[in-house]
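User: Hi! I have a structure open and would like to walk through it with you. Could you help me find my way around?

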Amino acid sequence: MSLRLLSSRLIRPCLLSAPKLWIAHRGYAIKRFTKEHDWISFEDGVGTLGITDYAQKQLGEIVYVEIPDVGNAFTKGEPFGSVESVKSVSEVYAPVSGEVVAVNQLVSDEPEVVNQSAEEDGWLAKIQLKDPKELDALLDEAAYKEYYESLGDEH
């Protein structure tokens, strides 16, 4: 009987209120990709930028990451940083226009984080979007997956 009381008075109210908050929070997050293997996750006017897992695998062991400074402004398609691996150096292009509001210092200090978690902990910068409509021109997750699978072994 005490378990039923605990469930009805404590657990059930938390479960009923928590999903609404979670859904409202996650409902605004949008993730898009470029054919150059960059990604952006957008929420509340701010986009988090990085390279895709596919890109980090193609680059191999990442040894250096150059990130922009807070306050720098970029136009869509303009390089905003670079990633250096034991194989090559690749520029990272801004998938949208905007101003840098935060950077991930961890990837400068420990570039291997990009290899370990390119689309989570290995993000490069956060940017205040100038025009969120630019996101419409980018690929959603399904379209990006179809695109990189079509590349086969050429990349």
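User: Great, let's start with H37. Where is it?

Analyst: H37 sits in the loop between β1 and β2. Keep in mind as we go that this is a predicted model.

User: Is H37 buried or exposed?

Analyst: H37 counts as buried, because its relative accessible area is 6% and buried means under 20%.

User: And what is phi of H37 near?

Analyst: Phi of H37 is near 70°, which is a positive value in a residue other than glycine. D44 also has a positive phi, near 55°, and is likewise a residue other than glycine.

User: Nice, where is D44, then?

Analyst: D44 is in the loop between β2 and β3. With 65% relative accessible area, D44 is exposed, whereas H37 is buried.

User: New topic: salt bridges. How many are there?

Analyst: The count comes to 2 salt bridges. As background, side chains of opposite charge can pair when their charged atoms come close.

User: Which residue does K31 pair with?

Analyst: K31 forms a salt bridge with E119, at 3.0 Å from N to O. This pair links distant parts of the chain, 88 residues apart: K31 belongs to strand β1 (residues 30-33), and E119 to the loop between α4 and β9.

User: How accessible are those two?

Analyst: K31 has 26% relative accessibility and counts as partly exposed. E119 is partly exposed too, at 22%.

User: And which residue does K57 pair with?

Analyst: K57 pairs with D53, and their closest N and O atoms are 3.1 Å apart. Here both residues lie in helix α2, 4 residues apart, which is about one turn of the helix.

User: How do K57 and D53 compare in accessibility?

Analyst: K57 counts as exposed, at 55% relative accessibility. D53 is partly exposed, with a relative accessible area of 30%.

User: Let's go inside. Which residues touch the most other members of the largest nonpolar core?

Analyst: Those are I51, F80, V114 and L124, out of 25 residues in that core. Several elements supply at least two residues each, including β2 (38-43), β3 (46-51), α2 (53-59) and β6 (79-85).

User: Which element gives the most?

Analyst: β9 gives the most to this core, with 3 residues.

User: What about a nonpolar patch on the surface, which residues form that?

Analyst: V63, Y64 and V86 do, and together they have about 280 Å² of accessible area. V63 lies in strand β4.

User: Last one: where is A142?

Analyst: A142 is in helix α5 (residues 141-150). A142 is exposed, with a relative accessible area of 55%.

User: How far apart are A142 and F33 in sequence and in space?

Analyst: In sequence A142 and F33 are 109 residues apart, while in space they are 9.9 Å apart from C-alpha to C-alpha.

Terms used. Residues are numbered from 1 along each chain as its sequence is written. This is a predicted model: local features need pLDDT of at least 70, side-chain atom pairs count only at pLDDT 80 or more; totals for chains, interfaces and linings use all residues. Side-chain values use heavy atoms; hydrogens and water are left out. A nonpolar core is a set of buried Ala, Val, Leu, Ile, Met, Phe, Trp, Tyr and Cys residues joined through side-chain atoms within 4.5 Å. Buried means under 20% relative accessible area, exposed over 50%, partly exposed in between (1.4 Å probe, protein chains only). A salt bridge is a side-chain nitrogen of Lys or Arg within 4 Å of a carboxyl oxygen of Asp or Glu. Patches are made of residues with over 30% relative accessible area and no salt bridge: like charges are joined within 9 Å, nonpolar side chains (Val, Leu, Ile, Met, Phe, Trp, Tyr) within 5 Å. Accessible areas come from the Shrake-Rupley method with a 1.4 Å probe; for residues, only the protein chains shown count as cover.
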